Every structure is written in structure tokens, then in C-alpha cells.
Amino acid sequence: MGNHFQPIKLLKENPGCRVILASQGDGQKVVIKEVKLQAHEVWFSQFRMEVQVLQALEGKYAPKLLGVHDSPAACWLVEEYLEGVDLGTWLQSNPAKALRKQIFLEILERIQSVHEAGYLYLDLKPENILIHEGHAWLIDFNACLPIGSIRPILVNRDSLPPEALEGKRMNEKADQIGLGKLYLLFFGPSSIAWTALSRNPEHRFRNLDVFGAQIRKPPRLKMALLASIVAFLCIGGMIWFFYPAQANAANSKLPDAVKVCEELKNELKAGSLVLSESEWIVDTRSCLEASHLSLAGFLHEHKPQTTSFQVEFYDFLLGLLLSSDVSIAQLDSLLERLFQQAGWVEQFKDLCKGLMQARIILDPDQIHQMLIVLDAHCPLDDESCACLMNYLLTCLSRRDQSIELPEKLEENLAGSCPDLYELYAKLTDPMASHGG
């Protein structure tokens with residue numbers, strides 16, 4: 001490396017190369033990556049690949065390539081040094097979800113830039129991403145390969161997509177495996193992560209633009225959707241209590257979601273996983289009851305290949321829990337048919353719980369209309385009262401507005417769930433009598 005650079009410290013070393021932080025004559029810090037002379041030829045090949053990718057990216061949220069020396073006696077490159085923190089450290093500081101979303105979308109854009117240059121990144125992990133001046137930068141490209149290549153040699157096995165392990169050629173979807181794992185680190189289990197991590201490339205997102213569009217979707221339903229909920233509640237309210245026997249029969253104890261998840265994992269590992277429609281519905285209700293996101297993502301991906309109302313309905317609730325694709329038209333269609341189902345009461349309770357978990361808050365007029373319908377059908381069963389009170393308390397905690405209960409409904413709620421009603425009374429009027 002001559003006398004042009006003064007080493008500061010060794011950043012990383014392995015059998016094939018070493019990475020050094022150094023300073024130039026003008027005091028500017030640089031990073032020097034040197035391939036060791038005794039290294040296997042593979043390392044020299046990957047060194048030249050990194051040079052090609054850095055030249056193609058031209059410093060677009062990647063270090064600028066400042067110099068290259070490639071001879072039988074020495075092989076090294078000099079690149080721009082970027083001050084910042086690695087992604088793992090940045091995530092540990094627990095930045096807000098909006099900022100996490102911004103950074104993740106930037107990572108998507110960086111990978112797209114690599115693809116546009118004709119390469120796959122293939123080694124996407126927190127230590128290869130730097131947060132520099134509030135933005136995401138890729139900083140290591142020695143695992144890159146041209147699009148259409150087969151399995152890379154230097155990449156950790158855990159970072160490889162399934163098609164690479166099988167010796168198949170890889171297209172741009174190969175990098176969705178790394179992106180899916182990062183998504184889990186950023187936001188936790190979700191159908192978005194499960195889609196990106198699919199073993200079959202055809203089941204992943206069509207491209208990274210579609211991936212990004214899923215992330216940009218607002219997590220809550222639009223007001224038109226909320227209005228449609230109340231409209232259908234009013235239409236169907238007259239039918240609600242026509243099915244008391246079915247409602248009581250359906251109110252059986254659900255299995256534990258954690259145990260369900262473990263059993264499904266074991267069955268999947270043994271290659272014996274075959275879920276009937278009834279088993280899927282029970283597992284889904286268990287999952288929704290516990291807000292078990294990992295199980296929700298799995299069941300959302302493995303729903304029965306049927307067109308029954310119940311499968312469509314509970315898959316909608318899974319999507320609601322996962323902030324996935326939820327549309328006004330879909331909910332309108334479900335609610336229109338919901339009141340014709342024999343088990344309508346139980347499904348209605350599950351829908352109320354789903355709306356509460358998703359923090360979907362109706363406006364005061366819509367809540368008032370719903371309460372009038374419920375008041376006409378008092379007395380409600382204890383579970384319906386608890387569902388309603390929990391939802392009203394959620395509404396009150398999110399909006400600084402009172403909710404006035406109709407007389408019969410208020411008496412019903414005060415008698416069925418006095419503790420929840422007491423909380424409601426304190427939130428709506430601290431001086432109110434709690435006698436109902």
C-alpha cells in the first residue's frame with residue numbers, strides 16, 4: 001500500500017482478507033480492503049466482483065471507490081470511509097416505527113440499485129448496513145454475483161435463498177430472503193415477511209416495487225370502511241339474537257395458540273402437515289384470541305383451498321391482525337353474508353375483537369347508531385357485553401369524547417361486567433354514579 005496511507009486500526013480480518021481503517025496524507029479517513037496473497041483464488045474473484053459493483057453504483061448510498069491495485073504482488077482497494085452505526089446497533093436504540101419504515105424502504109431502494117446495475121446482493125444482514133447521516137447505506141459487496149448466477153461461495157449458508165442451496169439460478173427475488181429476515185428484525189412477524197421468505201420464488205413479491213407498496217399501505221382502514229361496518233351492523237342487528245343456541249354451542253374453549261404453533265411446526269418438519277377447513281378455523285380463532293402474530297402469518301399463508309364463507313371471513317381477520325390487504329369491498333361482502341350464517345353471533349364477536357385489536361375507532365355518530373341497535377336487543381350475553389365494553393374503552397382511550405349509553409344497554413353492561421363499566425363511567429364522567 002506504499003506510504004500514501006497511515007493505518008489507524010484493523011476493522012476486520014478473516015483467512016482471505018483484512019479490512020483496515022487508515023488515513024491519507026491530507027488526514028482524510030479511508031477504508032482499505034486487502035486480499036491476502038495466500039488466499040484462495042475465490043477471494044481474488046470476489047474482490048474483483050466488489051470492485052465492479054462499486055464502480056457500477058458510483059457512490060449512490062454506497063462507499064465511493066477511491067482506488068484499486070490489482071497485481072500478482074498485491075491486491076487491494078481503497079474506498080470512502082463513512083461515519084455511522086451499523087443497523088443492529090441502530091435498531092437496539094428502538095427508533096419510532098415511522099423511522100424504521102423509512103429506513104427499511106431505503107434498504108429496498110439500495111437493493112434495487114444493485115439489481116439495476118445487474119447484480120444480486122445476497123448477503124443482506126445488519127452488519128452490512130450502515131446508518132450514515134440518517135440514511136441507510138450498503139457497505140460490503142464481496143458476496144455479490146451477476147443476476148442469473150448459481151450458488152455463491154463466500155456467503156453464509158443462513159443468508160442463502162433456498163434456490164441457491166438447490167443449485168438453481170437466481171433472479172432478483174433471491175434478495176427477498178435477506179429482506180424478509182430484516183423485516184422480522186424491524187417489525188416482527190407479518191404476512192409481508194412470510195411472503196418474502198417463501199421457499200418458492202414464485203410465491204414471493206413480484207418485484208421490490210410491490211414489496212415496498214405493501215409496506216407503504218396505511219395500517220388502518222379508511223373512514224368509508226368504518227361507515228360500512230356500522231351500516232351493516234344496523235341491518236343485521238335484528239337477526240343477532242335469533243341464534244342463541246348456536247352462539248352458546250360455538251363458545252367452546254379454544255386451544256392455546258402457543259401449543260398450536262408448536263404442533264404445526266412439528267407437523268411441518270415431519271412433512272405431515274394437512275389442515276382441514278375445520279382445524280384451520282379453530283387454529284385461526286385461537287390465534288386471533290391470543291393475537292399470536294407468528295401463527296397468524298403462517299395460517300394466512302396456509303389457508304384451505306376452499307371458497308367457504310368461514311375461511312374467507314377468518315382469513316380477513318388474520319389480514320386485519322397483520323395489517324395486510326384489507327379492503328372496503330371485501331368487508332362489505334363479508335358483512336352482507338355474515339347475517340345469513342348459522343354461527344353469526346360468534347363470528348360477530350370475533351369481528352368486534354379484531355376491530356379492537358387493530359385499533360379501528362368509529363366516529364361518535366357511528367358508535368351511537370351501533371349502540372341504539374344493541375339497546376333494542378338487550379339483554380346481551382356476558383361475552384357480548386365484555387366485547388362491547390372493551391371496544392368502548394379502546395375508543396375512549398383514543399378519543400377525547402364521551403360515549404352516551406342507551407338506558408337498557410347501560411343497565412345490561414353494568415350488571416354483566418361491572419368492573420369494565422366502572423372504568424367506562426370514570427372515563428366518561430368522573431362524578432357519575434356507578435349504579436348503572
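1. Let's start in the middle of this predicted model. The largest nonpolar core holds 35 residues, and the members that touch the most others are L87, F104, I107, L124, F141, L179 and F211. At least two core residues come from each of α1 (41-57), α2 (87-92), α3 (97-116), β8 (129-132), β9 (135-138), α5 (176-187), α6 (191-196) and α7 (208-216). Helix α3 gives the most, with seven residues.

2. Setting aside neighbours within four places in sequence, I107 is in contact with L87, L124, I129, A136, L179, L182 and F186. Two of the partners named here, L87 and L124, are also among the core members that touch the most others.

3. How do α3 and α5 lie against each other? Their axes come within 10 Å and cross at roughly 170°. Angles over 145 degrees count as roughly antiparallel, and the two helices are therefore roughly antiparallel to each other. On the α3 side, the residues that meet α5 are K97, R100, K101, I103, F104, I107, L108 and I111. On the α5 side, L179, L182, Y183, L185, F186 and F187 meet them.

4. Is S294 buried, exposed or partly exposed? This serine is found in helix α12 (residues 293-301). With a relative accessible area of 30%, S294 is partly exposed, because buried means under 20% and exposed over 50%. S294 touches P189 and W194, not counting residues up to four places away in sequence. S294 and A257 are 37 residues apart in sequence, with their C-alpha atoms 9.9 Å apart in space.

5. Now the overall picture. The protein has 19 helices and ten strands. Of its 436 residues, 48% are buried. Among contacts with a separation of 6 or more, 64% join residues 24 or more positions apart.

6. Please keep the confidence scores in view as you read. The average pLDDT is 80, and 81% of the residues score at least 70. Strand β9 has the highest mean pLDDT among the elements, at 95, and β9 is also one of the elements that supply at least two residues to the core. Helix α9 (residues 244-250) has the lowest mean, at 35.

7. Two stretches call for a separate remark. Over residues 220-251 pLDDT stays under 50, and the model has 65 contacts beyond four places in sequence for them. Residues 432-436 also stay under 50, with eight such contacts.

Technical notes:
Residues numbered from 1 in each chain as written. Predicted model: local features only at pLDDT ≥ 70, side-chain atom pairs only at ≥ 80, totals over all residues. Heavy atoms only, no water. Core = buried A, V, L, I, M, F, W, Y, C linked by side-chain atoms within 4.5 Å. Buried < 20%, exposed > 50% of the residue type's maximum accessible area, 1.4 Å probe, protein only. Helix = DSSP H or I, 4+ residues; strand = E, 2+ residues; numbered from the N terminus. Contact = heavy atoms within 4.5 Å. pLDDT = per-residue confidence, 0-100. Axes fitted to C-alpha atoms, helices over the stretch in contact; angles between N-to-C directions. Parallel < 35°, antiparallel > 145°, perpendicular 65-115°, else oblique.
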